[in-house]
Amino acid sequence: MIFRAKANKALDRAEDPRETLDYSYQKQLELLQKVRRGVADVATSRKRLELQLNQLQQQSGKLEDQGRKALALGREDLAREALSRRAALQQQVTDLETQHSTLQGEEEKLTLAAQRLQAKVDAFRTKKETIKATYTAAQAQTRIGEAFSGISEEMGDVGLAIQRAEDKTAQLQARAGAIDELLASGALDDQSGMHKDDIQAELDQLSGGTDVELELQRMKAELAGGSSAGQQALESGTNQQQSSQQPQDTPRFDKQ
């Protein structure tokens, strides 16, 4: 029972209704062809009986003529023999006519059955094409809906790949952050020698800041010293110019 259930499920999954309909239509066409061959065979048999009946009727007429001629010649015995043979032929003719009637009736029945079967096959073909078109449209609509909803096998594989990529990316990011924290705390040694601990980093920062402050003070002092020397040179030049413009003192003569 388990094997049959699994086999039935596998067959149901692999079954395509369109292929089943085409197969059924093919079988109906084969059946219709057999019926037509049967009609042809019955018609052939009927035709043969008709030929035999014609031959027997011709022989019967010939024997009748021979009996009349024998009787006219005074040969009653020959006339009696000819009539006896004619009677036997008439019995055969009667039997063949009965068979002919039977075959003719069978031919009519088979012809009517073939016509009805042809009508059913044509109706089934129309219905088959309609069902196939409806099934194809429903299948396409289902695939489109599955693609939009993401529940199809193809889209499910794509979504799974995206999810795995995101999980791996998050895992790598978490690992990188953990390694940075461990290196910063000193729990791990930096084999490349490029990483510094937090104390050294703070000392380097303070040292760098002190150097900047010292350089800034030096530049301010230079600027301040340059401004004082310039101001003194300017004042000295001004005093000298004023001294050159004043009149020289005239000599003083003492009164005697």
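The briefing that follows takes up the nonpolar cores and then the salt bridges.

This is a predicted model, in which local features need pLDDT of at least 70 and side-chain atom pairs count only at pLDDT 80 or more, while totals for chains, interfaces and linings use all residues. Residues are numbered from 1 along each chain as its sequence is written, and side-chain values use heavy atoms, with hydrogens and water left out.

**Nonpolar cores**

- The largest nonpolar core consists of seven residues, namely Leu49, Leu53, Leu56, Leu63, Leu89, Val93 and Leu96; such a core is a set of buried Ala, Val, Leu, Ile, Met, Phe, Trp, Tyr and Cys residues joined through side-chain atoms within 4.5 Å.
- At least two residues of this core come from each of α2 (17-72) and α3 (76-149), and α2 gives the most, with four residues; helices here are DSSP runs (H or I, at least four residues), numbered from the N terminus.
- Leucine 53 is in contact (heavy atoms within 4.5 Å) with Val93, Leu96, Glu97 and His100, when residues up to four places away in sequence are not counted.
- Another core, of six residues, lies apart from this and includes Tyr25, Val35, Ala114 and Leu117.

**Salt bridges within helices**

- The count comes to 13 salt bridges, each defined as a side-chain nitrogen of Lys or Arg within 4 Å of a carboxyl oxygen of Asp or Glu.
- In helix α2, arginine 46 and glutamate 50 lie four residues apart, about one turn of the helix, and their side chains meet in a salt bridge with an N to O distance of 2.8 Å.
- Glutamate 50 is partly exposed, at a relative accessible area of 22%, where buried means under 20%, exposed over 50% and partly exposed in between (1.4 Å probe, protein chains only).
- In helix α3, arginine 85 and glutamate 81 are likewise four residues apart, about one turn of the helix; the closest N and O atoms of their salt bridge are 3.3 Å apart, and glutamate 81 is partly exposed, with a relative accessible area of 41%.
- In helix α5 (residues 198-245), glutamate 222 and arginine 218 are separated by about one helical turn because they are four residues apart, and their side chains form a salt bridge at 2.5 Å, N to O.
- Both partners are partly exposed, glutamate 222 with a relative accessible area of 49% and arginine 218 with 40%.
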